Amino acid sequence: MDVLLNSLEIFTRLDVWIALLVGSIGGVIIGAIPGVGPAVAIAILLPATYSLDPIVGITVLIGIYGASMYGGSIPAILINTPGTPVNALTTYDGYSMTQQGRARRALTLAYWSSFFGGIFSVICLILMTGFIAQIAPLFGSRDIFMAAVLGLVLVIVSHRGESLMAGLLVFLGIFIATIGMESIRYSTRFTFGQGWLRSGIDLITALLGLFAMSQAFVLLLGKDEKMVMPNLKGERKREGFFDLWKYKLQALIASAFGVIMGIIPGVGEFLAQFFSYNVANAMSKKPERFGKGAPEGIIASEAANNAVPAAAMIPLLALGIPGEALTAMMLSVFYVHSIVPGPNLFVQHADFVYGLYASLLVVNVLIMIFLALATRQLLRIIQIPQRFLGLSILGLSFVGVYSLRNSMVDCMICAGFGVFGYILKRLNLPIVPIILGIVLGNIMEQKFRAGLARVEGFTDFINRPISFTIFVMIVIILVVNFYVWWRAYRQPAEYN
Amino acid sequence: MNRSQYHSGDLAFAIILVLLSCFLMLSIPEETKWFNGLALLKQPRFWPSMAIVGLSFFALAYATAVWRRVRREQASIRDEVEELIAWARPLEYVAYFLAYVFMVPVMGYLFATLTYFVLMTFRAGYRSKQMYAIAVLVALVVVVLFKSILQVKIGPGMWYEMLPSDWANFFIVYL
């Protein structure tokens with residue numbers, strides 16, 4: 001009870017409320033502007049949050065993460081352009097509703113569905129805390145190592161159609177994480193005699209280059225597009241809420257998918273949406289309406305993707321394993337403040353954990369209030385010229401990378417990652433695997449070396465119940481995916 | 001497990017990645033240390049070698065898949081070259097970015113940022129007074145937000161030292 005009261009005490013602080021407002025309002029605005037997205041914003045803001053209290057810094061970042069998806073639904077519904085990639089599915093039914101003159105209803109439905117998903121996942125997170133706190137300390141070095149391997153395997157197999165490139169980028173990320181001086185024997189690795197490589201490549205530098213600078217280049221080298229906004233006058237806001245009430249079962253299922261997919265490292269919003277959309281379609285009495293303005297389609301997409309952020313905190317907080325790029329970025333804030341996410345977090349910093357949960361709840365409420373008051377004003381923000389946005393992101397990238405240690409070399413490395421990220425984007429290849437490779441590669445090597453103290457051969461890594469269970473999961477996932485690939489590979493030949 | 005359609009630049013990218021992995025593979029003995037008497041799994045060389053082996057495997061598999069697509073879809077060399085040229089286009093903006101980075105320790109964050117935003121607005125093709133006013137406003141907001149309020153660590157510029165001492169202190173701390 002004391003822990004709970006201590007955690008609620010954070011709401012007496014002005015800096016926490018400012019963080020909640022900045023995170024929720026800033027996140028909605030960032031999400032509403034096509035071409036920015038939470039990854040760019042979080043990468044830029046990350047170094048600025050290092051000087052803040054950990055709960056304040058994390059609240060800003062998680063606020064942006066969650067709120068951006070609310071904001072991303074606005075351009076998805078109004079102009080058929082998702083504000084963030086995870087709002088892509090919302091365009092199917094959202095934009096169709098706009099074309100039918102039901103834009104306001106679609107927006108309200110998206111907001112309420114997002115709110116439902118967000119609150120549902122925070123409640124799940126709170127209910128699971130006791131279980132997590134009990135099970136997390138059972139994870140030793142070898143178990144966390146195997147969990148990180150599972151995360152990487154899931155990252156690779158979940159990039160269906162791009163698994164080879166995802167695998168390549170994961171290993172490139174793991175390699176990048178090994179550059180510099182290693183911490184056991186203090187020998188240098190792959191520095192090529194360059195002094196500036198001895199300290200390795202900073203994660204933030206890579207993040208800013210791959211996400212922010214590459215996006216700046218994409219925008220600067222593109223063209224400004226004229227956007228025509230639909231009129232939102234004359235529609236009742238309440239209908240969207242009634243739609244959600246009518247399809248509450250679909251909302252519940254979509255949110256449950258969001259929570260499950262959020263917990264599993266490397267999976268995230270896209271699969272959650274995909275499953276929930278298909279289930280909603282199968283449950284519908286009028287499945288032919290899907291893609292042509294079905295309210296259940298918007299519910300499935302928005303409830304699922306907004307249920308992910310809180311759930312994605314579970315592997316991060318319990319095991320210190322980020323499941324996707326945004327939680328990987330947040331991990332660095334924990335480390336800067338000497339709060340090590342993992343099995344001991346729930347014992348040593350329980351008030352911090354509960355404070356974070358409470359912040360997540362408040363963020364969702366603040367977002368809804370902001371959206372109720374400011375949707376019309378947000379329509380103007382969506383129309384910011386793309387190239388101006390690009391030059392602004394490039395300028396802001398400077399703050400992020402230069403403020404780390406005032407190093408010009410860091411800026412050059414960041415620019416190099418920016419060009420690499422730009423090439424990946426031009427080739428329609430994923431960026432997230434390389435980031436998870438860097439973060440999880442680092443964790444894996446640490447846990448692998450820590451585990452070596454108690455093992456003699458590789459089989460000793462899987463002789464514990466948890467690590468063995470995870471190992472079996474990895475084998476099953478690989479076998480199933482190889483079987484699916486083999487069938488797809490054989491099919492054209494049989495057809496011919 | 002791989003993309004089924006060919007995209008211009010896939011071949012060049014695959015070749016670059018195979019060459020990179022070969023280069024890294026050959027650099028392992030030179031760039032990592034081997035400690036005698038230490039088990040393989042405990043060697044500092046083990047982890048980067050494992051990463052490079054994985055990288056090489058996927059690079060070869062990816063190159064093979066791309067090559068199959070190239071042969072199937074009769075991809076043209078011209079498209080490939082055009083794509084390579086497109087990859088070089090951001091370098092112009094990299095140069096502007098680095099010029100900005102070099103100017104901050106000289107002009108100070110405020111003046112360098114104002115100059116960057118105004119000149120980049122011009123380079124991006126905007127000519128209206130309204131856009132320049134917005135550029136100046138955005139630059140000021142960025143500096144005040146990050147340097148004055150959030151106090152991010154950005155060193156002072158040499159120009160600030162030429163200001164009267166009271167002004168210099170204010171500029172060094174807040175702008």
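A:D202 sits in the loop between β2 (188-189) and α9 (203-220) of chain A, where helices (H or I, at least four residues) and strands (E, at least two) are DSSP runs numbered from the N terminus. This is a predicted model, in which local features need pLDDT of at least 70 and side-chain atom pairs count only at pLDDT 80 or more, while totals for chains, interfaces and linings use all residues. Residues are numbered from 1 along each chain as its sequence is written, and chains are lettered from A and ligands numbered from 1 in the order in which they are written. Here is a short tour, topic by topic.

- A:D202 counts as buried because it has 20 C-beta neighbours inside 10 Å; the cut-offs are 20 or more other C-beta atoms within 10 Å for buried, 12 or fewer for exposed, and partly exposed in between, with C-beta atoms placed from the backbone.
- Leaving out residues up to four places away in sequence, A:D202 touches A:L404 and A:D410, a contact being two C-beta atoms, placed from the backbone, that lie within 7 Å.
- The C-alpha atoms of A:D202 and A:V353 are separated by 27 Å, and the two residues are 151 residues apart along the chain.
- A:K447 belongs to helix α19 (residues 432-452) of chain A, and this lysine is buried, with 24 other C-beta atoms within 10 Å.
- Beyond its neighbours within four places in sequence, A:K447 is in contact with A:S141, A:I144, A:F145 and A:A148.

**Helix α1 of chain B**

- At 1.5 Å a residue, the 22 residues of α1 (residues 10-31) of chain B should span 32 Å, and its end C-alpha atoms are 30 Å apart, which agrees; the expected span is 1.5 Å times one less than the number of residues.
- α1(B) bends by about 30° at B:M25, with a proline, B:P29, following within four residues; the bend is the angle between axes fitted to the seven residues ending at a residue and the seven starting there.
- Among the buried residues of α1(B) are B:D10, B:F13 and B:L24.
- The packing partners of its buried residues are α8 (163-178) and α18 (408-426) of chain A, together with α2 (46-73) and α3 (77-88) of chain B.

**Where the chains meet**

- 57 residues of chain B are in contact with 52 residues of chain A.
- On the side of chain B that touches chain A, α2(B) gives the most, with eleven residues.
- By class, that side of chain B has 39 nonpolar, eleven polar and seven charged residues; Ala, Val, Leu, Ile, Met, Phe, Trp, Tyr, Cys and Pro count as nonpolar, Asp, Glu, Lys and Arg as charged, and the others, Gly among them, as polar.

**The nonpolar core**

- The largest nonpolar core has 219 residues, and A:I42, A:A43, A:L168 and A:I435 have the most contacts inside it; such a core is a set of buried Ala, Val, Leu, Ile, Met, Phe, Trp, Tyr and Cys residues joined through C-beta atoms within 7 Å.
- Helix α13 (residues 295-319) of chain A gives this core its largest share, 16 residues.

**Positive phi angles**

- Most residues other than glycine have a negative phi.
- A:N406, in the loop between α17 (386-405) and α18 of chain A, has a positive phi near 50°.
- B:Q151, in the loop between α6 and α7 (165-174) of chain B, has a positive phi near 55°.
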